[in-house]
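Me: I want to know what stands behind the labels. Take me through them one by one.

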Amino acid sequence: MKHSAVATTPSETQARWQQMHRRYAVVHRVIDAGRIDDLDPEIKAVFPDRAELVRALFQQWTTLIGGCVDFALEVGQDHDGADTLRAAHRAALRRAPALYRLIVQESATPLGARLNDQENLRLAYAVGLAHAGETSAQAAAVVSQILASVDTPSTPPTPSWFRTTVDWITGRESNSVEGLLT
């Protein structure tokens with residue numbers, strides 16, 4: 001007996017999971033591309049506005065560096081907070097240099113600057129650099145100075161071969177065919 005495929009609409013939970021997976025895929029495609037393409041229809045379909053995409057990118061970075069800080073605190077020796085933060089930042093940079101470049105670019109915008117300050121304040125508390133009597137801005141500034149002292153990768157972002165090929169086929173990139181083969 002053959003079963004015919006019955007077209008059913010996904011449940012609310014399934015729809016949420018599908019939306020989450022679409023968001024995840026778009027965020028990683030943006031990271032691979034190394035830039036936010038405001039004209040990309042997939043971005044517009046998944047994120048209601050650019051601010052939501054920027055928040056999602058910052059959440060990716062926050063999750064990554066937070067995990068690196070937690071790991072450095074758990075397995076690290078008795079270093080001070082600044083050393084722990086530097087080690088965690090280097091580890092996060094090794095794992096996602098393209099994401100970090102996007103974060104730096106977006107930190108020049110008002111939303112990005114606010115999100116960056118919030119993350120720096122959270123990191124200050126996590127590694128013990130926030131002290132009584134300091135304002136939030138002072139604690140965030142200390143973390144910002146420490147992170148700025150860490151050498152960042154100097155290589156330009158390299159999109160995935162798939163993203164580069166799709167961009168070339170759709171005409172969004174002006175790279176030559178030779179650029180696709182390298």
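Me: Where does R101 lie, in terms of helices?

Reply: R101 lies in helix 5, residues 97-106. Helices are DSSP runs of H or I with at least four residues, strands are runs of E with at least two, and both are numbered from the N terminus. The model is predicted, so local features need pLDDT of at least 70 and side-chain atom pairs count only at pLDDT 80 or more, while totals for chains, interfaces and linings use all residues. Residues are numbered from 1 along each chain as its sequence is written, and side-chain values use heavy atoms, with hydrogens and water left out.

Me: Why is R101 called buried?

Reply: Its relative accessible area is 19%. Buried means under 20%, exposed over 50%, and partly exposed in between, with a 1.4 Å probe and protein chains only. R101 therefore counts as buried.

Me: How far is the C-alpha atom of R101 from that of I31?

Reply: The two are separated by 9.0 Å. Along the chain, R101 and I31 are 70 residues apart.

Me: What makes helix 6 and helix 7 roughly perpendicular?

Reply: Helix 6 (residues 110-126) and helix 7 (residues 136-148) pack at about 90°, axes 8 Å apart. Axes are lines fitted to C-alpha atoms, for helices over the stretch in contact, and angles run from 0 to 180 degrees between N-to-C directions. Under 35 degrees is roughly parallel, over 145 roughly antiparallel, 65 to 115 roughly perpendicular, and the rest oblique. The pair is therefore roughly perpendicular.

Me: Which residues of helix 6 and helix 7 meet?

Reply: From helix 6 come D117, N120, L121, L123 and A124. Helix 7 brings S136, A139, A140, V143, S144 and L147. Contact means heavy atoms within 4.5 Å. The residues of this contact split into 7 nonpolar, 3 polar and 1 charged. Nonpolar covers Ala, Val, Leu, Ile, Met, Phe, Trp, Tyr, Cys and Pro; charged covers Asp, Glu, Lys and Arg; the others, Gly among them, are polar.

Me: Which residues have the most contacts inside the largest nonpolar core?

Reply: They are V30, F47, L53, L57, W61 and L85, in a core of 44 residues. Such a core is a set of buried Ala, Val, Leu, Ile, Met, Phe, Trp, Tyr and Cys residues joined through side-chain atoms within 4.5 Å. Helix 3 gives its largest share, 11 residues. F47 touches R23, V26, V27, E52, L53 and A56, leaving out residues up to four places away in sequence.

Me: How many helices and strands does the protein chain have?

Reply: The count is 9 helices and 0 strands. Of its 182 residues, 35% count as buried.
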